[in-house]
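Dear colleague,

Please find below the structure that I am handing over to you.

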Amino acid sequence: MFKYLVLSFVVVISLIYEIYGETGIVEDNGSSKYIIEGRIFPLSDYQTSNTNWQSATRVHVNGGQHIGFVKRDGSFIVNNVQSGSYVVEVLHPDYTFEPVRVEINSKGKFRARKVNHIQTSLVTQVPYPLKIKALGKTRYFQVREQWHITDVLFNPMIMMMVCPLLLIMVLPKLMNDPETKKDLEQIQEMTKFEMTEVSDMVSNYLAGNSVGSKEGAPKERDSNKKGQKFRKRPVVKD
Amino acid sequence: MANFRSIYKIQIFLTILVHVTLALYEDQVGKFDWKLSFVGKVKFVSLEAKRIIVATEENVLASLNLKNGDIHWRQVLEDPKDYKLELLHVNKEIVTVSGKENTWFVRTWDLNTGTILTEWFINTERTVPSLFTIVNEKLLHIVPIRGLQVEITSYTLANAENTNGSILKGISRKIPAAWLNKDSDCVPAKSYIVCAVSSKLYYVDLLKENSMFVSQSLADLVDNSAGKVLLIEYKQDVPSVLLLKNNIAKLGTFNGENIQIKPFNLMPNAISISNNGKDLIYQLEANDNKNKLIKVKAKDPQTGLDSFSLDLEYPLGLGAPIILGGQSKGSVTDLLLSTTDDALLLVRLPEGKILWTREEALSSVVASEFFELPISELDASIEHEFDSANDILEMFSHRISTQIKQFYNLVFGNNLLQNSGLVRDEFGLHKIIVVATRAGKLFALDTLTGSIVWSYRLPNVQSFIGIDNEEKMLLLVQRTAQYAPLPAHCVLLAQDTITGNGILFEFDPITGYSKAGIQRLNYKIVQATLLPYQDKNFLKPMLVLSQDEQAHVYPTQAVSLIKDHFSTMFLYVADTENSRLSGYTLKYSTEDSLQVTPSWNVDLAPSKLIAVSAKPANEHVHSQGKVLYDRSVFYKYVNPNLLAVATMTSDPIYNSVLSVYLIDGVTGLIIYGTSHKKARGPIHLVHSENWLVYTFFNERFRRNEVVALELYEGHWQNNNIAFSSFALSQLPQVQSQAYILPSIPQTMAVTLTERGITNKFLIIALTTGAIIEIPWMFLQPRFTNMPCGPEESCIPYMPEIPLHSEATINYNQTLSGIHGIEVAPARLESTSHVLIHGLDIFYTRVAPSKTFDVLKEDFDHVLIVLVLTGLIVATLATKKLAARKALKQAWK
């Protein structure tokens, strides 16, 4: 029972809409003139701060071919429009609104959809009579960069100054400390030890490799100077 | 992988975008830009206590402040080309009727805010001129139909509130009037309609039912000398009308079926102003006093005796005034005057002081040009140091004296040597803009403040009608201000209102001084151009082609200068009526007689010629080619003689076809041609360097599209020293690409810089009132089979051109009725001046590659000083410390 009621309600609403759409027609010597209707909803902060926003807002149809003005309650009408396809834009200096494409067929049926310039056949329907809401405040300006202490600190010039300063001031102090001295020496010894080991390994490896290449690839010997150099090394060692 | 690649692409695009888009900072607002707002030539006016409601020829309704003339609010109605305001009535709320042919919009507006209250429209079957009047809160629409009747439809305005847009049914009534003919002249007078036909006056009172026209012989009413009687509306409480004959007006008042003619004479511009129930007639009369040419007279409406007369302090340079309206309050009377040069001024009586003047002529600019200012005396004296190169002693004394002056200036400020503020600055940012207006008045505007420096009124001057009915005058710069002490020299070309013959006006653009005044030529001007040669006074000769194909050179003695160049002089003429382009040569001329010989013509009929665009004459092309990804050079085809032409053809299948041609102006060779089916105007062409950009409306996809064409010679340059139109070995290679423009352009221009090194920006005025800058890089056609990325300074192709709100150079200063854009280079390479004119005038500067040649304005001077002092202090301190340490070490 309830379902039925809801359904009938929907039907009634759609009927009302249809009637609403039809009243816009003005029959006149054969060629019909229609009226595009809609309502604009500005952002609430704006509405309260600027009570006279209606007179600064305009509605352009096809870039000013037809013009609509906004009434006190935010509604607008565009008179004297023939059947066809129109782009309805709401213009305001400080706020951006999304344009809507309104199509009126020869029978006087209205259809409103989103403007899509790339996929022109794509239909994303929006309600008619139009309800146009402000997308937001239009951003005309770039934001100036604020001065931060981190900007100065991470400036390459400052970094170049600070790092050597640290090296000069802090390192000698560390050197004077006996414990760190000991530590450093130890590290140095360790690195020395490892260094020799690594160099040995590398030279051994290269020696082995060069021997292999000597036998395997005689071609490379003529062309690769580096290879020649490496080959000499084991000879010297021997 | 593909995903990654697309991300990579987007990233590249974003990095470029960040780099490319430039926007203003909020604190730059109004720093170098300014806006002047206008309403247009005032048609109807109503004074309402502290404000003036005006309705203008530009189809604008506005409220002005009575005290200073500032615009309180302004509503711009439909395009003034088609729609006209027919009625303005103010009574608690404003009622306007505006429309065309057989459609009129009736709108009511709120007096305080300019918000619309109601709107509905009237649609009639017949397209005959009709009248509107409001009587007793009823709008009467009066349609006189020739030889038949007068149809009157009355609408009740009070009911209009509830109708919400749909048509209001009016009550129609027909009154037979078989005597109406094409010469009949009807005006409303309160509830009466009064018509004058040949020798009879007909009038009818509409309030009475079944009333019929009453006729009266005009000879009985006014003197029976020869001449036609004109009727002028006269607004007062008693229905009355002014009968004008031989420039003498008589006041006739209606009473029932009788008309009473007052026994005194009036001026045609007489108006009635009521003060506390007592009416007075105010009119302007010519005065014998040479210093005060205009006087105001107030007359008693019963006796016609003068009750008040005053000589006005009427400023020189303004045209003849008429009274539009007025109001009286106590002893003070305000009169609103409009002049023949479209100015609006308010006169306060009894002092006769002019409270303010609005130069509404500036709302219709038809030509504009930027002028560099002359250098200061001091700079001039420095430049003239080597003038007397023989005398060393004199040169030495000259140098010493200038350097003393320089030093003096440095110490005491340089205000002593400047006679006026109009002196060139270092970067050429301070310029003078000279604009010619439709009303025939010249103005010079200061780029720094937007104030009017001088104005000059040219009587009986009108603009040429160019392609696509565009009104145009020509401003040609014969000599710039850089040749001190010779003043700058500019020429305005226009046509006479009566004969249509050419008008030549030579003047100094800095001061507005003209030695010769207006010269009325005895031929019609078809084409005019400046020649690129200078005579001994650094004056560039001007070549003017008359309608009968005769060439004229100004100044006339310059013929001897150009006689060696006749073989390289060519002209072109675009004939819109016959859709024909023709080229002429001066090859067969001699010094005694200039021979203009037709050399080529391109017949584009039956297509309609809708746009022709030549390149800016003062353009420099810095780079001769484009470096490709393989480091080879692709040379540009830079032909200074190239014309871009657009035509429209109606087609049975494709509706309308747009064709664009590139034609060499010297040889008439069509270098390139393309066409777009199902295209509609308006077409805008922008032609620069080696490229052309045009926009049109694509009817198939119902969107605006923009096409970029670029011409290249190829990997090999034909002649790298000079370009010749005749030395053509092969046609240039044309690259083209089309994009979607997600808005509707109203007019377009391209930035110009001193040397052409800076990137190019397109400046597009949109119908929304925004001026958008788009980098040329966005539109530049991409090469096929070539990589496109930041390394090639190339942005991957996007079908839709992004129009960011940050790219709006006029931020929230929305401009109305934009008509044209004028661009001029500054002396600073990075910057160009931009002037946008229309109902508003907006000036700003743009820097397409940012201001790379000057220190940024947000450069932190304090920080650098702090860092430097910090460093110095640090060095000194460490020096001391080091010395102390060395001393300590030595003691160890």
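Asp110(B) is a buried residue, as its relative accessible area is 13%, and a residue counts as buried when that value is under 20%. Please keep in mind that the model is a predicted one.

Which residue pairs with Asp110(B) in a salt bridge? The partner is Arg72(A), and the closest N and O atoms of the two are 2.8 Å apart. This pair crosses between chains. Asp110(B) belongs to strand E9 (residues 103-110) of chain B, whereas Arg72(A) lies in the loop between strand E3 (66-70) and strand E4 (75-81) of chain A. As background, side chains of opposite charge can pair when their charged atoms come close.

Over all chains, the structure holds 26 salt bridges. Two further examples are described here.

One of them joins Arg111(A) to Glu103(A), with an N to O distance of 2.8 Å. Are these two residues buried or exposed? Glu103(A) counts as buried, with a relative accessibility of 11%, while Arg111(A) is partly exposed at 31%.

Another joins Asp496(B) to Arg520(B), whose closest N and O atoms are 2.4 Å apart. The pair links distant parts of the chain, for the two residues are 24 residues apart. Asp496(B) is found in strand E39 (residues 489-496) of chain B, and Arg520(B) in strand E41 (residues 518-520) of chain B. Asp496(B) is buried at 7% relative accessibility, whereas Arg520(B) is partly exposed at 40%.

Salt bridges can also share partners: in this way Glu103(A), Arg111(A), Arg113(A) and Arg702(B) are joined into one network.

I now turn to a sheet in chain B. Its 4 strands form an open sheet with antiparallel pairing, in the order E15-E16-E17-E18. Which strands stand at the edges? They are strand E15 (185-189) and strand E18 (214-217) of chain B. Each has a single partner strand, so one side of each is left without a neighbour in the sheet. From one strand to the next, the twist averages 20°.

The partner of E15(B) in this sheet can be examined residue by residue. E15(B) pairs with strand E16 (residues 192-197) of chain B in the antiparallel sense, over 5 bridges. Within E16(B), Ile193(B) is the bridge partner of Pro188(B).

Yours sincerely,
A colleague

Definitions and conventions: Residues are numbered from 1 along each chain as its sequence is written. Chains are lettered from A and ligands numbered from 1 in the order in which they are written. This is a predicted model: local features need pLDDT of at least 70, side-chain atom pairs count only at pLDDT 80 or more; totals for chains, interfaces and linings use all residues. Side-chain values use heavy atoms; hydrogens and water are left out. A salt bridge is a side-chain nitrogen of Lys or Arg within 4 Å of a carboxyl oxygen of Asp or Glu. Buried means under 20% relative accessible area, exposed over 50%, partly exposed in between (1.4 Å probe, protein chains only). Two strands pair if DSSP finds at least two bridges between them. Axes are lines fitted to C-alpha atoms, for helices over the stretch in contact, and angles run from 0 to 180 degrees between N-to-C directions.
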